[in-house]
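Visitor: Can you walk me through this one? I'd like the plain version.
Guide: Fine, take a look at it here.

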Amino acid sequence: MNGGWFHPRKNPLLDVSSEQMAELKAEYRQKNEAEATEQGVWYENLTFFVTGRKV
(Lines give C-alpha, C1' and ligand atoms only; values in the text may rest on other atoms or scores of the structure.)
Protein backbone atom coordinates (compact mmCIF):
# COMPACT_ATOMS: atom_id res chain seq x y z
CA MET A 1 0.00 0.00 0.00
CA ASN A 2 1.39 3.42 -0.95
CA GLY A 3 -0.33 5.60 1.65
CA GLY A 4 -0.41 5.30 5.40
CA TRP A 5 -3.44 7.39 6.28
CA PHE A 6 -7.22 7.03 6.14
CA HIS A 7 -9.61 9.21 4.17
CA PRO A 8 -13.34 8.45 4.34
CA ARG A 9 -13.85 8.76 0.57
CA LYS A 10 -10.67 7.03 -0.60
CA ASN A 11 -6.96 7.42 -0.11
CA PRO A 12 -5.82 9.46 -3.14
CA LEU A 13 -2.30 8.04 -2.81
CA LEU A 14 -3.60 4.63 -3.90
CA ASP A 15 -3.86 5.99 -7.47
CA VAL A 16 -0.19 7.04 -7.54
CA SER A 17 2.22 4.72 -9.33
CA SER A 18 5.37 3.42 -7.63
CA GLU A 19 7.50 5.68 -9.81
CA GLN A 20 5.42 8.74 -8.93
CA MET A 21 5.55 7.82 -5.23
CA ALA A 22 9.35 7.57 -5.40
CA GLU A 23 9.51 11.01 -7.04
CA LEU A 24 7.20 12.50 -4.40
CA LYS A 25 9.28 11.04 -1.57
CA ALA A 26 12.52 12.33 -3.11
CA GLU A 27 11.04 15.83 -3.54
CA TYR A 28 9.75 15.77 0.05
CA ARG A 29 13.19 14.79 1.38
CA GLN A 30 14.90 17.50 -0.68
CA LYS A 31 12.56 20.17 0.71
CA ASN A 32 13.12 18.97 4.29
CA GLU A 33 16.89 18.93 3.85
CA ALA A 34 16.79 22.46 2.36
CA GLU A 35 14.86 23.77 5.39
CA ALA A 36 16.89 21.92 8.02
CA THR A 37 19.04 23.82 10.47
CA GLU A 38 21.48 22.57 13.10
CA GLN A 39 18.51 22.22 15.45
CA GLY A 40 16.47 20.21 12.93
CA VAL A 41 13.35 21.02 10.94
CA TRP A 42 10.62 23.25 12.36
CA TYR A 43 7.27 21.50 12.67
CA GLU A 44 4.26 23.42 13.88
CA ASN A 45 1.05 21.68 14.84
CA LEU A 46 -1.98 23.51 16.21
CA THR A 47 -3.84 21.32 18.70
CA PHE A 48 -7.01 22.03 20.64
CA PHE A 49 -7.60 20.13 23.88
CA VAL A 50 -11.28 20.32 24.71
CA THR A 51 -13.22 18.85 27.60
CA GLY A 52 -16.93 18.88 28.25
CA ARG A 53 -19.61 17.44 30.41
CA LYS A 54 -23.30 16.84 30.06
CA VAL A 55 -25.37 18.99 32.42
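Predicted model: local features only at pLDDT ≥ 70, side-chain atom pairs only at ≥ 80, totals over all residues.

Visitor: How many helices and strands are in the chain?
Guide: The chain has 1 helix and 0 strands.

Visitor: What span should H1 have, and how far apart are its end C-alpha atoms?
Guide: H1 has 18 residues, so at 1.5 Å a residue it should span 26 Å. Its end C-alpha atoms are 26 Å apart, which agrees.

Visitor: How many of the residues in H1 are buried?
Guide: The count is 1 among its 18 residues, so H1 is hardly covered by the buried cut-off of under 20% relative accessible area.

Visitor: And what share of the chain is buried?
Guide: Buried residues make up 7% of the 55 residues. The accessible surface of the chain is about 5,900 Å², and 54% of that belongs to carbon and sulfur atoms.

Visitor: Where do Glu27 and Lys31 lie?
Guide: Both are in helix H1, 4 residues apart, about one turn of the helix. An α-helix has 3.6 residues a turn, so residues three or four places apart point the same way. Side chains of opposite charge can pair when their charged atoms come close.

Visitor: What is the relative accessible area of Glu27?
Guide: Glu27 has 40%, so Glu27 counts as partly exposed. Lys31 is also partly exposed, because its relative accessible area is 49%.

Visitor: New topic. Which residues form the nonpolar patch on the surface?
Guide: Leu46, Phe48 and Val50 form the patch, with about 420 Å² of accessible area together.

Visitor: Where does Leu46 lie, then?
Guide: Leu46 is in the segment after helix H1, which runs 18-35.

Visitor: Is Leu46 buried or exposed?
Guide: Leu46 is exposed, because its relative accessibility is 68%.

Visitor: What about Trp42, buried or exposed?
Guide: Trp42 is exposed, since its relative accessible area is 73%. Trp42 is found in the segment after H1.

Visitor: Which side chain does Trp42 contact?
Guide: The side chains of Trp42 and Glu44 are joined by a polar contact of 3.5 Å.

Visitor: And how far apart are Trp42 and Asn32 in space?
Guide: Trp42 and Asn32 are 9.5 Å apart, C-alpha to C-alpha, and 10 residues apart in sequence.

Notes: Residues numbered from 1 in each chain as written. Heavy atoms only, no water. Helix = DSSP H or I, 4+ residues; strand = E, 2+ residues; numbered from the N terminus. Buried < 20%, exposed > 50% of the residue type's maximum accessible area, 1.4 Å probe, protein only. Areas by Shrake-Rupley, 256 points an atom, 1.4 Å probe, with all protein chains shown as cover. Patch = residues over 30% accessible without salt bridge, like charges linked within 9 Å, V, L, I, M, F, W, Y side chains within 5 Å. Salt bridge = Lys/Arg side-chain N within 4 Å of Asp/Glu carboxyl O. Expected span 1.5 Å × (residues − 1). Polar contact = N/O pair within 3.5 Å; in protein donor to acceptor, adjacent residues only side chain to side chain.
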